[in-house]
Amino acid sequence: MHFTLPVFFSFINLSLALAVTPSNPTNSTANTTFTPPSRYYLKTSVIGAGNADKNDLYVSSYHTGPGLSDATLLPFSPTSNTVGFLNDTHQQFDLHSSVPFGMIMEPSENLDVAWNFVRINELVFDAGYGSTDGFSFNASGLQWDGRGAGVFVGWLACDWWHGVPQLFWEFFFVPTGIPSSCAQVELHPVAV
């Protein structure tokens, strides 16, 4: 059989796309989006067994500088957990400020690992929207497709440097393991 070079590369690209595209054949409704409550807390649900200490935690803003925060995870408390809302496809938060704050998915800085930071930052430079868009909800909770389909594969809750679990986003570029102090989690909206 004789193929031209462009046809050969088309087959290679198709094979790679099929190999890395996550699918869930048992749940055809997993990708059906839904509208969350108008205001909500984001609550973790651990995927699989282990790391039960990362279950039933709520996204909270951990102040790291003027207008800057890391997304951390704490037990429920109406005074410490961060109220969120979806603004079009921007995940934003009410931090009782005159300017909006949004979920920022840090770009990958280190391709030796398969996860990166999630920030909750002031959005004064983005005219009220997050610099990261593409958020939606489905049966598996908060999803993100801001860098293209298939890049985001989920959320990680890890013991990190703030003394409380911290939220990270996981991507598929490097199929490495995750630290034992981390758990793969889903983020589900809980109405305020």
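In which elements of the protein is confidence lowest and highest?

## Confidence of the model

This structure is a predicted model. In the protein, confidence is lowest in helix H1, which spans residues 5-20 and has a mean of 34. Confidence is highest in strand E1, at 98. For the protein, the mean pLDDT is 80, and 73% of the residues reach 70 or more.

Over residues 1-28, pLDDT stays under 50. For this stretch the model has 3 contacts beyond four places in sequence. Where pLDDT is low, the predicted coordinates should not be read in detail.

## Strand pairing around E12

Strand E12 covers residues 182-191 and pairs with strand E1, residues 40-46, in the antiparallel sense over 7 bridges. Within this part of the structure, Lys43 has His188 of E12 as its bridge partner.

Strand E12 also pairs with strand E10, residues 152-159. This pairing is antiparallel as well, over 4 bridges. Here Ala157 stands opposite Ala183 in E12.

Ala183 belongs to strand E12. Is this residue buried or exposed? Ala183 has a relative accessible area of 4%; because this value is under 20%, Ala183 counts as buried.

Beyond residues up to four places away in sequence, Ala183 touches Val46, Asn51, Lys54, Trp155, Leu156 and Ala157. Of these contacts, Ala157 is also the residue opposite Ala183 in the strand pairing. Ala183 and Ala49 lie 134 residues apart along the chain, yet their C-alpha atoms are separated by 9.1 Å.

Terms used
Residues are numbered from 1 along each chain as its sequence is written. This is a predicted model: local features need pLDDT of at least 70, side-chain atom pairs count only at pLDDT 80 or more; totals for chains, interfaces and linings use all residues. Side-chain values use heavy atoms; hydrogens and water are left out. Two strands pair if DSSP finds at least two bridges between them. Helices (H or I, at least four residues) and strands (E, at least two) are DSSP runs, numbered from the N terminus. Buried means under 20% relative accessible area, exposed over 50%, partly exposed in between (1.4 Å probe, protein chains only). Contact means heavy atoms within 4.5 Å. pLDDT is the predictor's confidence in each residue, from 0 to 100.
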